[in-house]
Amino acid sequence: MSVLDSPIDHSVEAHDGLVQAVREFARSELIDLDRRCDREESSCCVEFQRFCEMGLTGLRIPESFGGLDCPAVTYAHLIRELAYASPSVAVTLGVHNMVGEIIAKYAHEPLRSELLPKLVEPDNLTGFAISEPDAGSDTAAAKTRAEKVAGGWKLFGNKMWVTNGMTGRWFCVLARTGEVGGKDDFSMLLLDARQAGVKRAMIKGKMGIRGSETAEWALDGAFVPESNMLGKLGDGRRIGLTSLGGGRIGIASQALGIAQACLDEMARYARQREQFGRPIADFQAIQWMIADSATEIAAAQQLIDRAAAMKDAGRKFAREGSMAKLFASEAANRIAYRAVQVHGGSGFVNDCRVEQLYRDARITTIYEGTSEVQRIVISRELVRE
Ligand SMILES: Cc1cc2nc3c(=O)[nH]c(=O)nc-3n(C[C@H](O)[C@H](O)[C@H](O)COP(=O)(O)OP(=O)(O)OC[C@H]3O[C@@H](n4cnc5c(N)ncnc54)[C@H](O)[C@@H]3O)c2cc1C
């Protein structure tokens with residue numbers, strides 16, 4: 001059963017109940033799962049069926065296709081709540097929902113109508129494969145090529161860091177369909193990764209979000225039918241970069257959830273731990289760490305809400321999305337650092353949750369565009385204006 005039993009009202013206020021329900025679910029059921037996945041370096045996708053039952057796989061999918069069609073503001077709050085309990089679950093579902101949006105926007109009929117209802121169901125996890133061993137921030141350096149064959153394309157190349165890349169099925173793959181050096185070199189192809197031409201290997205030994213699947217792929221003739229072209233031939237980088245603009249609001253929200261969990265842990269420990277005959281919360285040095293963290297969290301929330309509200313209003317939000325991601329992710333790292341500091345030696349050991357949160361926070365300044373890339377986006381937009 002979905003968390004929403006009643007007909008869907010699209011206002012943000014109407015989704016407060018949904019945010020509350022997801023908060024309760026996440027805090028009661030996901031923290032233990034997340035801790036176990038971190039310890040064992042195992043995938044949180046073992047609970048994917050449960051995520052589907054909760055409606056979490058169709059957050060941005062139109063209601064007519066079985067989704068919840070949440071506004072971007074509500075969606076951001078939901079990702080924050082998931083990340084509070086499990087940063088790995090948050091990114092798994094964040095990527096899946098972002099790809100759902102891409103398919104809703106760029107897939108052609110009948111693919112769009114056939115696929116969207118499947119995405120809310122088990123066994124249809126999605127992801128996007130843009131990065132490559134030699135193409136990270138510089139997406140235009142991607143070498144994966146799509147060769148034209150009867151009825152479609154065959155993909156050859158290597159993709160790196162594919163989130164959901166082990167059990168996922170549907171992937172947006174950026175591939176060269178034009179001449180090297182041409183303006184419209186790349187296209188975005190929707191690949192069914194359940195085929196022999198896709199060789200997947202799990203990337204082990206990650207510092208954080210160890211419950212999120214990250215894979216390395218070798219594409220050796222994987223077939224994509226003609227009808228699975230997203231947008232038009234040559235649109236690949238535009239689709240990728242525009243979609244990542246929205247994804248950044250999701251990563252900012254993931255960072256915010258981590259930061260809030262760190263703050264709560266910090267405040268709880270400061271009340272309970274005594275030194276020099278009083279709770280450490282009585283010391284001004286500790287109070288300042290808590291105050292600075294709470295202030296940065298409030299600022300990050302405002303930036304996220306502003307970017308998401310602009311997205312909901314159909315306005316351009318690339319700069320605001322980058323600002324939200326830059327600020328929230330850097331703040332999450334500062335706050336995680338303070339959370340360990342407040343815990344003293346206890347925070348350095350992995351049975352203490354802040355030790356994991358400190359590691360989990362680290363990725364948020366890297367993926368979906370590093371902090372340096374966000375600064376480029378922000379300043380480029382300003383200079384253009
Ligand atoms: C756990 C994880 C999951 C991921 N999931 C996905 C996924 O699902 N799909 C996907 O396609 N990718 C994914 N990525 C890839 C991720 O988006 C890239 O790691 C990221 O974009 C940075 O690329 P890079 O690692 O190649 O670093 P590089 O681009 O090599 O950057 C190295 C350093 O140089 C800096 N730098 C680069 N260019 C500039 C510049 N012009 N100016 C200033 N500084 C610069 C960077 O900021 C960084 O500090 C994932 C990565 C990780 C680690």
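These are my notebook entries on what I looked up in this predicted model.

**Ground rules**

I number residues from 1 along each chain, as its sequence is written. The model is predicted, so I take local features only at pLDDT of at least 70 and side-chain atom pairs only at pLDDT 80 or more, while totals for chains, interfaces and linings use all residues.

**Domains**

Then I looked at domain 1 against domain 3. I find 19 residues of domain 1 in contact with 21 residues of domain 3, where contact means C-beta atoms, placed from the backbone, within 7 Å. On the domain 1 side, helix 3 (72–85) and helix 4 (87–106) each supply at least two residues.

I sorted the domain 1 side by type and got 14 nonpolar, 1 polar and 4 charged. My classes: Ala, Val, Leu, Ile, Met, Phe, Trp, Tyr, Cys and Pro are nonpolar, Asp, Glu, Lys and Arg are charged, and the others, Gly among them, are polar.

**Ligand shell**

Next, the ligand. There are 21 residues around it, and Gly136, Ser137, Trp161, Thr163 and Thr370 come nearest; a residue is near if its C-beta atom, placed from the backbone, lies within 6 Å. Domain 2 and domain 3 each put at least three residues into the shell. By element, I note strand 1 (126–129), strand 3 (152–163) and helix 10 (371–384), each with at least two shell residues. The shell's make-up is 10 nonpolar, 8 polar and 3 charged.

**Helix 8 on helix 10**

The axes of helix 8 (residues 318–343) and helix 10 come within 9 Å and cross at roughly 145 degrees. Axes here are lines fitted to C-alpha atoms, for helices over the stretch in contact, with angles from 0 to 180 degrees between N-to-C directions.

The crossing of helix 8 past helix 10 is left-handed, that is, the near helix is turned anticlockwise from the far one by less than a right angle (clockwise would be right-handed). Helix 8 brings Ala318, Arg319, Ser322, Met323, Lys325, Leu326, Ser329 and Glu330 to the contact, and helix 10 brings Ser371, Gln374, Arg375, Val377, Ile378 and Glu381. I count these as 5 nonpolar, 4 polar and 5 charged.

Glutamate 109 and proline 110 are joined by a cis peptide bond, with omega about 5 degrees. Proline 110 sits in the loop between helix 4 and helix 5 (111–119).

Asparagine 164 has a positive phi, near 70 degrees, and lies in the loop between strand 3 and strand 4 (170–176). Is asparagine 164 buried or exposed? It is buried, because 28 other C-beta atoms lie within 10 Å. My cut-offs are 20 or more other C-beta atoms within 10 Å for buried, 12 or fewer for exposed, and partly exposed in between, with C-beta atoms placed from the backbone.

Glutamate 368 also has a positive phi, near 55 degrees. I place glutamate 368 in the loop between helix 9 (353–362) and helix 10, and with 29 C-beta neighbours inside 10 Å it counts as buried.

**Single residues**

Aspartate 235 is in the loop between strand 8 (229–230) and helix 6 (236–272). Its 18 C-beta neighbours inside 10 Å make it partly exposed. Leaving out residues up to four places away in sequence, aspartate 235 touches Ser187 and Met188. Serine 187 is 48 residues away along the chain, yet the two C-alpha atoms are separated by 5.3 Å.

Threonine 295, in helix 7 (residues 284–312), counts as exposed because it has 11 C-beta neighbours inside 10 Å. From threonine 295 to isoleucine 239 I noted 56 residues in sequence and 35 Å in space, C-alpha to C-alpha.

Definitions and conventions. Helices (H or I, at least four residues) and strands (E, at least two) are DSSP runs, numbered from the N terminus. Domain bounds come from an automatic or database domain assignment. Two residues are in contact if their C-beta atoms, placed from the backbone, lie within 7 Å.
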